[in-house]
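Here is a short briefing to read alongside the model. Take a moment with the sequence and the fold, then come back for a few local details.

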Amino acid sequence: MLKVLLKPLLSGLAVALLLPSGMAGAASVTDPVSALDVAELDERYEKSFTIGAAVETSQLEGKDGEMLKKHYNSLVAENIMKPINIQPEEGKFNFKEADKIVKFAKENDMDLRFHTLIWHSQVPEWFFLDKEGKKMVDETDPKQREKNKKLLLKRVETHVKTIVKRYKNDVDSWDVVNEVIDEYAPNDKGLRESPWYQITGTDYIAVAFETARRFAGKDAKLYINDYNTEVEPKRTHLYNLVKELLEQGVPIDGVGHQGHIQLGWPSLQETRDSINMFASLGLDNQITELDVSLYGWPPRPAFKSYEEIPDEVFQAQAERYDALFKLYEELDDKISNVTFWGITDNHTWLDDRAEEYNDGVGKDAPFVFDPYYNVKPAYWAIID
């Protein structure tokens, strides 16, 4: 009997310790608290930064829609605004799904982030084919390579111009280029050797930013976005690239730190150093894709279901979130937005990763709300 009761009792105590005064006992394992009946996250941090969530258009209605209206004042599209969805064929732009997110943000007075104008992934192949349909990266003739470079840069300009003009009055923050640094790249600058880079060098980055600046709203901010920005050598590679681009006059306003992190990695000091490092260049910082995975790398072994995850793991996650948001608040003069890469634990890309490394069966739980729209210990930790 004791063995059965010990876990719920400890979990209830842990949650109670995290609750504000007068609320102890309001949440326990047997008494879930609806996320729709508690204090709003965005109001808690309104003096420091906006609180965002990544969404699919299917999440704009029902309970997900209610959650967005209650807890978040910023939105970003998880997938629908990426190049392959916006311009799957050259000259054929598809804004139908993206418009839905723009409309929801407008109707609910929410900031809007655009993710992403240029990326090496989820980009249609036509961008990198010459006028005869041949792969530009395979071209060996110097004159043809130069023609290909001009053609690709023109395509970058057209893609960026068309999208930015359409949403000029709607988007507050643009992820202009995404994941241009690869610490494992063979070059000494850590530049990702994507087709963009192989064909144009870093010119595609400059053209994308310059075009976005020409057509974006006057108050809109332009970001270069990447993951693992807290750790070396990637942090320094990104810093050196951004510094060099700024010196060339490329209009970069800030750095997006994705924030796909784990319970014990990276360290708080590494996170602090990264924010301060880019702020020293006069840049804003945004945490753009925050989720706290329960696993290290690789995510193996993984829990097979949500119900298998021990309460002590959620408590460890709460402590991690608590430390993170204390740091974000401490640095809030350098951080304008913190966006979670999802709403609740019922929808996260990390489930796909857990399944991939565990024979098709695995569950992650990276957010502060559980799959049933209840609060987790992590919520109490950051709501204070």
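The notes below cover a helix pair, a loop residue and one further helix.

This is a predicted model, in which local features need pLDDT of at least 70 and side-chain atom pairs count only at pLDDT 80 or more, while totals for chains, interfaces and linings use all residues. Residues are numbered from 1 along each chain as its sequence is written, and side-chain values use heavy atoms, with hydrogens and water left out.

**Helices α9 and α10**
- The axes (lines fitted to C-alpha atoms over the stretch in contact) of α9 (residues 234-247) and α10 (residues 268-279) come within 11 Å and cross at roughly 5°.
- That angle makes α9 roughly parallel to α10, a label used for angles under 35 degrees.
- Contact (heavy atoms within 4.5 Å) involves Arg235, Thr236, Leu238 and Tyr239 of α9, and Glu270, Asp273, Ser274, Met277 and Phe278 of α10.

**Asn187 in its loop**
- Asn187 sits in the loop between β4 (173-178) and α7 (195-200).
- With a relative accessible area of 16%, Asn187 is buried (under 20%, with a 1.4 Å probe and protein chains only).
- The Asn187 side chain reaches the backbone nitrogen of Lys189 at 3.1 Å.
- The side chains of Asn187 and Glu193 are joined by a polar contact of 2.9 Å (a pair of N or O atoms within 3.5 Å, one able to donate a hydrogen and the other to accept it).

**Helix α11**
- The 20 residues of α11 (residues 311-330) should span 28 Å at 1.5 Å a residue, and the end C-alpha atoms are 29 Å apart, which agrees.
- The buried residues of α11 include Phe314, Tyr321 and Leu324.

Notes: Axes are lines fitted to C-alpha atoms, for helices over the stretch in contact, and angles run from 0 to 180 degrees between N-to-C directions. Helices (H or I, at least four residues) and strands (E, at least two) are DSSP runs, numbered from the N terminus. Angles under 35 degrees count as roughly parallel, over 145 as roughly antiparallel, 65 to 115 as roughly perpendicular and the rest as oblique. Buried means under 20% relative accessible area, exposed over 50%, partly exposed in between (1.4 Å probe, protein chains only). The expected span of a helix is 1.5 Å times one less than its number of residues.
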